[in-house]
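Here is a short note to read alongside the structure. The points are numbered so that you can check each one in the viewer.

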Amino acid sequence: MATVLMCRRFPRLSRVTTLVTTATHEAEGRSSRKKQQKEESLEKADARDDPAATIQLLNPLDYRVLYNPTAYVKSRAASQQHPASSSGQALDDDFTNSPQALPPIRNALPKAKAKLHPQQTVSAYFSKLQTKEEAEKIKQEMHNSKEDPRMFQKGRPEYRLISFDRSEPVEPLSLEEGNSILLSVATHKDSQSPGAVASSFRKLSRLPVGQHMALLTKAQFGMLCGCAIENIRSFSTSDLIDVLKACVWLAVPPSHSLLNACDSEFCRRVWDMDLDQLLLVADCWRCLDRSVPSYLSILFSYANMHWKDLTLPQFVQLLYIIGEGRRSPVDLMQKVESMILKYLDSFTLEEVGAVCLGLFKSLSGISDHVMRRIADRVSLQMGDMSTYALVNVLKLLRYTRIDHLPLLKELGKVIPSRIPTINVQGIMHITLTYSSLHYFDEGVMAAVATSLPSKVTYCRSKDAAKFLWSYGCLDYEPPNEEEFYSNLIEQMHRKLHEFRKFPEHLLTGLLGLAFVRRFPEELIDYALRDDFVQKTRGSKYELKKDLFTLGKSVEIECPSYQGSRLPPQLYQEMTEMILNFAEQEIYVRPEIVEATSLLESMLGGPEYVKNHMILPHTRSSDLEVHLAMDGHPIPFNSKDRIRDKTLADIGVSLTDDLMTQLIKGRSHSQPPLEVGKGASTPGQDRGEAAQPLHSGHHAAHSGGALTTTTSLELELQSGPGSAFSSHAWKQQPREVKLAIQVSNKNHYCFCSKRLLGLHRLKRRQLQQLGYVLVELPFWEWFPLLKRTRLEKLSYLHYKVFDPALLSRAA
């Protein structure tokens, strides 16, 4: 077994300092082969052909795959080529499209036959196997964005009438017949009827695929196109459709003048065509990769008028067209939900996936009810669903932000065993679904992490960034974390050129890394340079917040960092923007307002509490409180107050005796309170299930009726000394700064108490800046909002004056 170390210097990391990649290669008999090479004088041939001379796992940085096979499934027949491609003619152009076009291994061997040593025979055999394995792996990894979304059309014969069918059997046309047709066009170019022109297109489309490019450059074909354009209005609709289908077979460029004429003519004829024809033409335009906004607008208007007449295949095909056109017609989409509910139980599973993909690509809104109905069906039949269709459902689930526990739980059972057979893009969408929904499933995330290193070279910049973001968002570092993160960071380096066009992906990946305390300094230096910051301004996304979070996190957590930094004016601009937003949307939330008011009352006034963002780049607020080491609150929130003012005749002091009275009469059989709903960031509400309160912190947490207020009033009159009389509060000159977090369920993973990455980062940085963290968790604080004032005060008193806080600070 050979170990290979990559020589490229890896960027300095706070937790990952070097990259070591190991690759294994069977090299048995290497020394004996060298002897045999000398004996038979085959040194040069063996050096060229023996696979032991290279490390197949290390792909060059500019490696590109030139063909587009299947997606998301382990093995599936590649999209069928035109039947004429098997006619024995030259197919040179097809080498860029078909995995079957790989040159056979024997072509790499010397033409002269020589008697090979058995060891050389074995070597050649393994070389051939390795080539097949590599080809199969590449075939598995690549995604055909045109053909893969069309798999649903194979499920019903009705789709042959409304979509372009590449499997349609046709008789191949010989080159001699093709030349004869072109000669006839040149001879009778001024007298050809529309029917004859259409017939010529139909016949020429049956030429071998390898001859199509040559055909398009011939003058006679240009004459034929000219005849079609001149007589475009004289064609029957069926003949015009045949001309368009021939253009698909021949891969006519989407900007060709003939297609311009066809586009205009079909727009003119829409109201004279039936829906099958309209959908077929729209499908041909998709196959040609031509944008036809005017035609689609008219098609959607036609469909809107004939909505009740749509059959199931027509409806699914229409949604496919809507998705591929990235258009969401408002009037039409209002009726989509009723049709989905009408046909939902009759859809094939592939059609369910196609419907979801169409809605996702067109950014079409869909109600929670309909999404849950779709998820209900998928969760019951997930084992029978192709991974590609399933991923399409997950895309829409992610877009609508619907938490559907039965589907997510079933996904955790079905998907881990499929991960090794799914391509990188499919795995990315699965992982991104979990992070977008804030749902953590360790089995799925660990399976992805195990499989990803061997696939990482197939990651686009977007894929690598989304993987890093997803794991960072869920604050999960897998068992193979060093290998996992090292490979992804190295891939980010390989794809650095792509970030110039897609700057948002670099920031996405770097933030995901920052969440788990990883800071690749070379990438960070690149992201914070002035020229890159300028590029972010041209993005369709608002990236200033991400730059702000990254830049400030580096300042706090990487004191030795010497690279580029953001300009001060950007920090100032973003701080003002975020604080203005907080004043309108965060500080005014009921759970925060109540906590602030009660703390002010308990501690002695507004000068003892500050409701603000200690770290604006983390985008959430804190209630800051300062305590002396003897436990006394210190006023700090007003310049007019004297900082050493003592707490006299104010505040709430709770002794053990008082707490006993507060909870007297509490029935142990009383059921625990449930968490109520609180305010949350728009679009982030995940609808977590109610959770019982903890009984271990304090008796007041579990609720219970107060028997009287007289004891509390007497305790208040007894003076402040009793509140701080514990021996744990020792006199020390320093003060303790408390950062009180009023959390909500959007700070945690769905249905769990696992903090999300951004909030883990915030707490880590607050601690580094010397703050002691105190949390009012939503599962405790939200139910108390419905309780009495005294119960809330007792809870806050317990949290703020916990002797353990000062012990930790000391």
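**Notes on charged residues, a helix and the cores**

1. Start with a network. R233, E265, R268 and R269 are linked by salt bridges into one network. Keep in mind that this is a predicted model. Across the whole structure, a search finds 28 salt bridges.

2. Look next at one pair within that network. R268 and E265 form a salt bridge, and their closest N and O atoms are 2.5 Å apart. Both residues sit in helix α9, which covers residues 257-269. They are three residues apart, about one turn of the helix. Are the two partners buried or exposed? E265 is buried, at a relative accessible area of 3%. R268 has 42% relative accessibility, so it counts as partly exposed.

3. D289 and R286 make another salt bridge through their side chains, at 3.4 Å from N to O. R286 is buried, with a relative accessible area of 17%. The cut-off for buried is under 20%. D289 counts as partly exposed, because its relative accessibility is 47%.

4. R518 and E477 also meet in a salt bridge, side chain to side chain, at 3.2 Å from N to O. This pair links distant parts of the chain, 41 residues apart. R518 is in the loop between α23 and α24 (521-527). E477 is in the loop between α21 (461-473) and α22 (481-494). R518 is buried, with a relative accessible area of 0%. E477, at 26%, is partly exposed.

5. Now take helix α23 itself. It has 13 residues, 503-515. From its first C-alpha to its last it reaches 19 Å, close to the 18 Å expected at 1.5 Å a residue. Why is α23 described as largely enclosed by the rest of the structure? The reason is that 13 of its 13 residues are buried. Just after α23, R517 takes a positive phi of about 65°.

6. R377 deserves a separate look. It belongs to helix α16, residues 368-381. R377 is buried yet has no salt bridge. Which side chain of opposite charge is nearest to R377? It is D345, 5.5 Å away. A salt bridge needs the nitrogen and oxygen within 4 Å. The R377 side chain does reach the backbone oxygen of L344, at 2.7 Å. Setting aside neighbours within four places in sequence, R377 is in contact with L344, D345, F347, T348, L349 and V352.

7. R787 lies in a loop, between α32 (778-784) and α33 (789-800). Its relative accessibility is 24%, so R787 counts as partly exposed. The side chains of R787 and E791 are joined by a polar contact of 3.4 Å.

8. Finish with the nonpolar cores. In soluble globular proteins, nonpolar side chains tend to be buried together. Here the largest nonpolar core has 207 residues. Which of its residues touch the most other members? They are Y295 and F315. Neighbours within four places in sequence aside, the contacts of Y295 include F266, C267, V270, L278, V281 and W285. Also among them are D263 and Q277. Another core, of seven residues, lies apart from the largest one. Its members include I556, I614, Y771 and L773.

Note on methods
Residues are numbered from 1 along each chain as its sequence is written. This is a predicted model: local features need pLDDT of at least 70, side-chain atom pairs count only at pLDDT 80 or more; totals for chains, interfaces and linings use all residues. Side-chain values use heavy atoms; hydrogens and water are left out. Helices (H or I, at least four residues) and strands (E, at least two) are DSSP runs, numbered from the N terminus. Buried means under 20% relative accessible area, exposed over 50%, partly exposed in between (1.4 Å probe, protein chains only). Lys and Arg count as positive and Asp and Glu as negative; His and the chain ends are not counted. A polar contact is a pair of N or O atoms within 3.5 Å; within protein, one must be able to donate a hydrogen and the other to accept it, and residues adjacent in sequence count only if both atoms are side-chain atoms. Contact means heavy atoms within 4.5 Å. The expected span of a helix is 1.5 Å times one less than its number of residues. A nonpolar core is a set of buried Ala, Val, Leu, Ile, Met, Phe, Trp, Tyr and Cys residues joined through side-chain atoms within 4.5 Å.
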